Amino acid sequence: EELGRDISNNTHLNAVTLIRALNDHNMPLLFRGLTRSSSIDMIFFSDNALSVAGVRSMVPFLQNASNLRYLDLSQNNLQSEGFNALFQALRDSPIEALECTRCGIELIEIDNDNIPKHLTILNLSSNNINADGCRGIARLLQRGDATLAKLHLERNKIEDDGVGILADALQNNKSLTTLNLLEND
C-alpha cells in the first residue's frame, strides 16, 4: 500500500513496470494506494501471478485512471473471467492499448455497453480463443463507432468457423487496419 501511495504522490511518474513482483495477495495493497494517481499513463504488469482476484483489486484504480492509455497484463493467469472483468472496468477509461497475451483466455464476453471507447490496439495473442471467443470479438468490431485499429489474435485456437465470424463482423467495420491471425489451428 505504501508503494502505491508513493507512486500516487509522484505527479511526474507516468509509467509503472512490475514484472514477476506481484500476486493476487499484494495487488489489493498496491492498488489501494495507487487509486489516487493522476499521472500514470502506462502500466506493465506482465509475468506476475495474477488471476481474476488480482484484476478485481485493480477495478477502482482502472475506473478512476484519467490518464491510463496503455495496460500490459500479459503472461498472467487472468482466464476469461479476469479478462471480461478487466474489459468492463476499462469501459469509461481513456485506454488505447490493452495487451493480454498468454493469459489463458478462451471466451470473450463483450456487450455494447462495456466497450472501452478509445481502444485502438488489442493484443490477445497466445491464448485459447476459439469460435466462441470470436463471437465476443465480433461485437467489438461491429459497433458503428468502433475505434479498434489493430487486433492481434495469433497463436490461438481459431479455426475456419472463427475466421468466418470475424470476416462477417468486418463487413461494415471502418476502423480496423491490422488483423493478425497467424499460427491458428
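Visitor: Where does Asn123 sit?
Guide: Asn123 is in strand 5; helices (H or I, at least four residues) and strands (E, at least two) are DSSP runs, numbered from the N terminus. This is a predicted model, where local features need pLDDT of at least 70 and side-chain atom pairs count only at pLDDT 80 or more, while totals for chains, interfaces and linings use all residues. Residues are numbered from 1 along each chain as its sequence is written, and side-chain values use heavy atoms, with hydrogens and water left out.

Visitor: OK. Is Asn123 buried or exposed?
Guide: Asn123 counts as buried, at 12% relative accessibility. Buried means under 20% relative accessible area, exposed over 50%, and partly exposed in between (1.4 Å probe, protein chains only).

Visitor: And what is Asn123 in contact with?
Guide: Leaving aside neighbours within four places in sequence, Asn123 contacts Leu98, Glu99, Cys100, Thr101 and His152. Contact means heavy atoms within 4.5 Å.

Visitor: What about Asn128, where is that?
Guide: Asn128 is in the loop between strand 5 and helix 5. Asn128 is partly exposed, with a relative accessible area of 28%. Not counting residues up to four places away in sequence, Asn128 touches Gly104, Ile105, Glu106, Asn156 and Lys157.

Visitor: Let's switch to helices. How do helix 5 and helix 6 pack?
Guide: Helix 5 and helix 6 (residues 160-169) have their axes 9 Å apart, at an angle of about 10°. Axes are lines fitted to C-alpha atoms, for helices over the stretch in contact, and angles run from 0 to 180 degrees between N-to-C directions. So helix 5 is roughly parallel to helix 6. For the cut-offs, angles under 35 degrees count as roughly parallel, over 145 as roughly antiparallel, 65 to 115 as roughly perpendicular and the rest as oblique.

Visitor: Which residues make that contact?
Guide: From helix 5 there are Ala131, Cys134, Arg135, Ile137, Ala138, Leu141 and Gln142, and from helix 6 Asp161, Gly162, Ile165, Leu166 and Ala169. They divide into 8 nonpolar, 2 polar and 2 charged. Here Ala, Val, Leu, Ile, Met, Phe, Trp, Tyr, Cys and Pro count as nonpolar, Asp, Glu, Lys and Arg as charged, and the others, Gly among them, as polar.

Visitor: And how do helix 2 and helix 3 pack?
Guide: The angle between helix 2 and helix 3 is about 5°, and their axes are 8 Å apart. That makes helix 2 roughly parallel to helix 3. Met27, Pro28, Phe31 and Leu34 of helix 2 meet Gly54, Ser57, Met58 and Phe61 of helix 3. The residues of this contact split into 6 nonpolar, 2 polar and no charged.

Visitor: How many aromatic pairs does the structure hold?
Guide: There are 4 aromatic pairs. Rings of Phe, Tyr and Trp (its six-membered ring) pair if their centres lie within 6.5 Å; planes under 30 degrees apart count as stacked, over 60 as edge-to-face and the rest as tilted. Phe31 and Phe45 have ring centres 5.9 Å apart and planes at 70°, so that pair is edge-to-face. Both Phe31 and Phe45 are buried. Ring pairs link Phe31, Phe45 and Phe61 into a cluster.

Visitor: What about Phe83 and Phe87, how far apart are the ring centres?
Guide: They are 5.4 Å apart with planes at 35°, so the Phe83 and Phe87 pair is tilted. Phe83 is buried at 0% relative accessible area, and Phe87 counts as buried at 2%.
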